[in-house]
Amino acid sequence: MGGLAGVAVPAAAASTRTVTIWSNYNGAGLDLWNSAVARVQAAHPELKVVSVGSIDMAKSLAAINAGTGPDLSVSSGSGNLGWFCGSGAWQDISKLARNSTTGLNLTTTFSAASLAATTSNHIRCGLPLSTEVFAFYFNKDILSKYGYTAPPKTTDELTAMSKKMTTFDANGDIKTAGFVPWAGYYGFAMDSMWLGQMFGAKWYSVDGKGTSGFGVDPAWTAAFNWQHHFIATVFGGGDFAKGSRLVTKFVAGRGDEWGTSHDFMTGRVAMKWDANWMSQMFCTGDNWTLASTCTSGLNFGIAPFPVAPKLVNTLYGAGVVGEPSIGISKGSKNVKDAWTVMKALATDTTFAAAYDSYGASPSVLLSSLAKPKSQPAWYEPIYSIVKNPKSGYHAMQNTGEHQEEGLLQDLMASWQAGQTPNISSALSDLGTQVNQIIAYNK
Amino acid sequence: MPKRKRLKRPRLFIFLCLSPWIFGMVGFTLYPMIASFYQSFTKFNLIDSPKWVGLQNYHRMFFQDPLFWKALRNTMWISAISIPLRIAFAIFAAWILTKPKRGTNFYRTIFFLPSMVPAVAGTMVFAYIFNPAYGPVNRGLQAIGIKNPPFWFMDPHWSKWGLIILGLWGIGDTMIIFLAGLLDVPRTLYEAASLEGATAWQSFRYVTFPMITPVIFFSGVTGVIGSFQYFTQAYVASGQVNDYSHSMYFYATHIYHEAFQAYDMGYASALAWVLLVITLFFTAIILQTQKRWVHYPNGSLFK
Amino acid sequence: MRQKLTGTESQHYLDALAAKRKKKVNAFLHAVAQHAVLISLSAVFLLPLFLVTVISLMNHGQAQTRSLWPHPFVWHNYLAVFTAVPFIKWTLNTMFVAALSTIGTVISSVPPAYVLSRLQWRGRGITFIIILSTMMLPGQVTMIPVYIIFAKLHWIPSFLPLIVPAFFADAFSIFLLRQFFVSIPDEISDAARIDGCGEFKLMMRIIVPLAKPAIMAIALFSFLGSWDNFFGPLLYVVENPNLWTLGIGLNAFQGLHHVEANMMMTASVLFMAPVIILFFFAQKVFIEGITLTGVKG
C-alpha cells in the first residue's frame with residue numbers, strides 16, 4: 001500500500017546535541033544541501049546534524065506549532081517570512097547575530113536587499129540563503145529591427161518602444177506584442193509586484209508602522225494608471241476597452257511556459273519581466289543549461305527594470321529578488337547549536353556557488369567565492385541586480401501565506417479587465433483589508 | 001417450526017448485517033456532525049487546540065467576509081439557472097429518444113456517454129474548446145457571424161455559463177431516469193388522449209408531464225443537494241484561467257479554501273453548518289410543495 | 001371477388017387512399033425531423049470528445065492554432081505522456097483505490113439492504129428513512145472532523161482514508177440494492193426458511209445470486225465514483241506525489257515542466273478511456289442501475 005505515516009518525528013534532543021533541519025529541497029538540490037550539511041557536521045563533531053528534505057512550509061509550520069518541529073527550517077520563498085516571523089514560529093535572532101564571539105556581521109556578509117527581505121516588522125527572524133531574481137528580458141533582434149540598441153530605462157520609453165514593436169494581424173488581433181504588463185500573462189502571479197517595483201511603490205511601512213502601503217503610497221495609483229494608459233495606447237489605439245479585450249485574447253493564446261514555444265522565445269513578445277532561472281531555457285532551449293554562447297537562436301539581453309522617469313537616478317538598476325531563508329523554530333531546545341549550524345550553512349560559499357551553477361539561483365553572499373567561476377558574461381546583469389540595494393521583495397507582515405500578494409494580483413486583474421472603476425479607492429480598500437488580516441493574525 | 005425460535009436468531013443477524021452501517025454512521029456521520037457543530041464556535045487551525053470564540057465565526061461570516069456573500073450568490077445563481085435547465089433538457093432529450101422506432105439504443109448510448117467522462121477531464125476539455133484565442137467554439141461562432149464571441153471561462157460574466165454548458169453536456173445520467181419515467185407512462189393514456197383529439201403539446205402537458213412529476217421531484221431534490229456542493233469543475237476551471245473576480249468561486253470552494261488553505265477549521269465548520277441549514281431549507285420547500293404538484297400513480301411518496 | 005365500385009364509393013376509396021398516403025408522408029416527415037434532431041444532438045454530445053481526440057494527436061505548435069485536423073498525426077504523444085509524467089503510477093493508484101473501495105462498498109452494503117427488504121422487524125422503516133436522509137447531508141458538514149480523525153491516526157497522506165470508509169456501507173448503494181431486493185418475490189425466502197435454511201445462507205446462496213444485476217450496478221457506480229473522485233484525493237493524498245491519482249495528476253499536469261496543451265488532451269483521453277470502455281461493455285447494467293433509483297422515488 002502507499003505511504004502510511006507522515007514524516008517521522010526526530011527523537012528528543014535533550015541529551016545529545018542534535019540539530020534537525022527541514023527543507024523543501026529535493027533531487028539534485030537536496031544533494032547539494034546535504035553536502036553542505038555534511039561539511040557542517042564534519043566541522044562540529046560534537047553535534048549531530050540531521051537534514052530532511054522535501055518538506056513544505058505548511059507542514060513545517062504545523063509541526064513547529066505542535067511542538068514537534070525541527071530546530072531549523074528552510075522557507076522556500078520570501079513571501080512566507082512574514083508568516084513565520086509574525087506568527088512567532090521563527091525566533092528573533094538579532095541577539096545571536098550581535099554576539100561578539102559567535103555572532104555574524106550581517107551587513108558585510110549578505111546583500112542589502114536580502115537582509116531587508118529576512119526582516120519582518122523590524123524583527124530579524126532569518127538568514128537568507130540563495131535568491132531568485134526577476135529582471136527585464138528583451139529580444140535584441142526585435143529591438144534592432146525597430147532601431148533600438150538599448151532596453152528602455154523609463155516607463156515612458158517602455159510604452160513608446162512597445163507601441164512601435166506591436167503588430168496586428170488581418171483580423172485586428174495582436175500578432176506580436178512589445179511588452180505585456182498583465183496580471184496572469186505567465187505564471188508566478190507576481191505581475192503586480194513587478195509593476196509596483198517600476199514605480200518604487202511601498203508595500204508596507206510608509207509611516208514606519210508596518211501598516212499596508214496600498215492606500216497610502218501614491219506610487220501604486222501611478223503604477224496602475226500607467227498600466228491603464230499602456231493598454232489603451234499600445235493595443236487599443238486609445239481605446240482601453242478594446243485594448244483590454246485584445247490582450248485577454250492574446251494571453252489566452254500564449255505559448256506553453258515550459259518549452260520553446262514560450263512567447264518570448266518565439267518572438268511573440270519582445271520584452272518581458274521574467275525570472276533568472278528562465279535564462280537557461282532562453283539560452284539553450286529544452287536543454288536548460290547556461291552556456292557562454294547560446295544555441296537557441298534567441299538573441300536576448302537582461303537588464304534591470306525600467307522605472308518611472310523621475311526615479312531614474314535613484315531606482316534604476318534594481319529588480320525584484322526573493323530568497324529562501326533559514327530560521328530557528330520557537331521551542332527549539334538547542335538554540336545556540338542551531339545558530340552555529342545556521343550560520344555555517346548560510347555562509348557556505350561552496351554550497352552557494354554550487355547551487356548557483358545547478359539551479360541558476362545566485363547567492364546573496366557578498367563574498368566573491370560564492371559566485372561560480374563558470375557563469376557566462378551575458379548573465380552578469382543578474383548579479384548586479386542582486387547587489388543593488390534597491391532590489392527588494394518587501395518588508396513582510398504576517399498575512400498568512402502571503403495573502404496580500406494574491407489580493408493585489410486580483411485587483412490588478414480586475415483593473416486591467418475594466419472591472420474596477422476607481423483605482424484609488426480600490427487600493428485604499430485593499431489596504432484596509434490587509435490591515436484587517438494582519439490584525440486578525442496577531 | 002415454532003415462530004418464537006425464528007424471531008430470536010434473526011435479531012442478531014439483523015444487527016450484524018447493519019453493524020458496518022451503524023459504525024460508519026456513528027463514526028463518520030454522527031460524531032463528525034456534533035464535532036463540527038462544536039468547532040463552529042471555536043477558532044482552531046488543526047494543530048493548536050480549539051479556542052472558544054462564541055459567535056465570532058458567524059459574525060465574521062455575515063458581516064466581515066465579502067467572499068462568503070460572493071460564494072453564496074454564485075451558488076444560488078448557478079442552482080437557480082442550472083437545475084431547471086438540466087431538468088428541461090433531460091426531459092427533452094429523453095422525450096426525443098422515445099420517438100424513433102429504430103436506433104434508439106444507439107442514440108441513447110451517445111447521449112449518455114459524456115456523463116461517463118470524469119469531471120476533471122471534462123473540464124479541461126471544455127477549457128480548451130472554450131479558449132478565446134484558439135478554441136473551436138469561438139471559431140465556429142465567428143464563422144456564423146458573431147464578431148466578438150464571449151471569452152467564456154476567461155470572462156467573469158460568462159464563466160458560469162461555460163460551467164452550465166459543461167453540466168448540460170453531461171446530462172446523460174439525469175436523462176436516463178426521465179427516459180425510464182417516460183417509458184413507464186401507460187400507452188392507454190396516450191390512446192385515450194388522441195381519441196379525444198389532443199394535440200402533441202396537449203398530450204404532453206396533460207398526460208406525460210403529470211406522470212413524470214415524481215421524477216422531476218427526485219431530480220429537483222438531488223439537484224439542489226448536488227449543486228450546493230458544486231466543487232470540482234469550478235476548481236479545475238478556475239485553475240486553468242485567472243479567476244480574479246471569483247466568478248467561479250462557489251460555497252464549497254470557500255469552505256475548502258478556509259479549511260485547507262487558510263487552515264481556519266472553526267470558521268470552515270461554521271460555513272458548513274450554514275450550508276446545511278440552507279440545503280435543508282430548500283429541500284423542505286420542495287418537499288412541502290410536492291403534495292400540490294407531484295402526481296403519484298401508486299399513492300404517495302412513502303409507502 | 002372484386003366488385004365494381006359506384007361513383008361515390010370510388011370517390012370515398014380514393015379519398016381514403018389519399019388520406020392514407022398523407023398520413024404516411026407525415027409519418028415519414030416526422031421521422032426525418034426526429035432523426036435530424038437526434039443526429040444534431042448526437043453531434044453536439046460527441047463533438048468535445050472528437051475534438052479532444054483530434055487535438056491529442058497534434059504536435060504542440062499546432063494545438064494552439066486554429067486547425068482542426070492533425071498535420072502530422074503525432075501518435076507519439078501517447079507514448080510521450082508516459083515519460084513526461086508518472087502516468088502509469090497514477091493509473092495504478094487510481095485502480096487500486098477504486099478496486100478496494102468497490103469491494104468494500106459491495107461487501108458492506110449488501111447485508112443492510114437485505115435486512116431492510118427481506119425481513120420484517122421493528123424500526124425497519126425508521127432505519128430506512130435515516131439512511132435516505134444521510135444521502136441529503138452536504139459532505140462539508142462532516143468533512144473537517146473526519147479529516148481530523150484521519151490526521152490524528154496519521155493516515156494522511158495515504159490511501160487509507162479513501163478506502164476504509166467504503167467498508168462501512170454507502171447509503172446510495174443500500175438504497176439501490178434494497179429497491180431491487182424488494183422486487184424479489186417473498187415466496188422464495190419463505191420456501192427456503194420452511195426448509196430450515198438459516199438467514200445468512202439464504203442471503204448468500206439464494207437472494208444475492210438473484211440480485212446480480214443490482215450488485216453489478218452498485219459495483220460499477222462505486223468504481224466509477226472512485227475513479228472520478230477528485231475531492232477525496234485532493235484532501236488525503238495530494239501531499240505525496242507517489243500517491244497521486246489520475247484526477248489530481250491531470251489537474252497538476254499543466255504546472256509541470258515539459259508538458260504542452262496537446263499532451264494535456266492526450267492525458268485526458270487516457271484518463272477517460274478506461275471508464276468509457278467499461279461503459280460500452282456494461283451499458284445495460286449502468287442504465288438499469290440508474291433506472292432503479294430514480295423513477296418512483
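This passage describes the contacts between the chains of a predicted model and some local features within them. Residues are numbered from 1 along each chain as its sequence is written, chains are lettered from A and ligands numbered from 1 in the order in which they are written, and side-chain values use heavy atoms, with hydrogens and water left out.

Between chain B and chain C, contact (heavy atoms within 4.5 Å) involves 89 residues of chain B and 87 residues of chain C. The buried area, which is the accessible area (1.4 Å probe) that two parts lose on being put together, summed over both, is about 8,000 Å² for this pair, with 79% of it on carbon and sulfur atoms. On the chain B side, B:Trp21, B:Phe28 and B:Met116 supply 9% of the area buried against chain C, more than any other three residues. Zero salt bridges are counted between chain B and chain C, a salt bridge being a side-chain nitrogen of Lys or Arg within 4 Å of a carboxyl oxygen of Asp or Glu. Four residue pairs of these two chains, both members at pLDDT 80 or more, are in polar contact; the term denotes a pair of N or O atoms within 3.5 Å, where within protein one must be able to donate a hydrogen and the other to accept it, and residues adjacent in sequence count only if both atoms are side-chain atoms. Helix H1 (residues 3–39) of chain B gives the most to the side of chain B that touches chain C, with 19 residues; helices (H or I, at least four residues) and strands (E, at least two) are DSSP runs, numbered from the N terminus. By class, that side of chain B comprises 66 nonpolar, 16 polar and seven charged residues, where Ala, Val, Leu, Ile, Met, Phe, Trp, Tyr, Cys and Pro count as nonpolar, Asp, Glu, Lys and Arg as charged, and the others, Gly among them, as polar.

The contact between chain A and chain B takes 17 residues from chain A and 19 residues from chain B, and about 1,600 Å² is buried there, of which carbon and sulfur atoms give 56%. In chain A, A:Lys249, A:Ala252 and A:Tyr440 lose the most area to chain B, together 34% of what that side buries. Zero salt bridges and two residue pairs in polar contact, both at pLDDT 80 or more, are counted between chain A and chain B. Helix H2 (57–66), helix H11 (240–252) and helix H18 (403–416) of chain A each supply at least two residues of the side that touches chain B. A:Ser414 lies in helix H18 of chain A and, at 14% relative accessibility, counts as buried (under 20% relative accessible area, with exposed over 50% and partly exposed in between; 1.4 Å probe, protein chains only). Not counting residues up to four places away in sequence, A:Ser414 touches A:Gln419, A:Thr420 and B:Tyr244.

Within chain A, strand S11 (residues 300–303) is covered on both faces, with A:Phe300 and A:Ile302 buried on one side and A:Gly301 and A:Ala303 buried on the other. Strand S7 (residues 132–139) of chain A pairs with S11(A) in the antiparallel sense over four bridges, pairing requiring at least two DSSP bridges between two strands.

Definitions and conventions:
This is a predicted model: local features need pLDDT of at least 70, side-chain atom pairs count only at pLDDT 80 or more; totals for chains, interfaces and linings use all residues.
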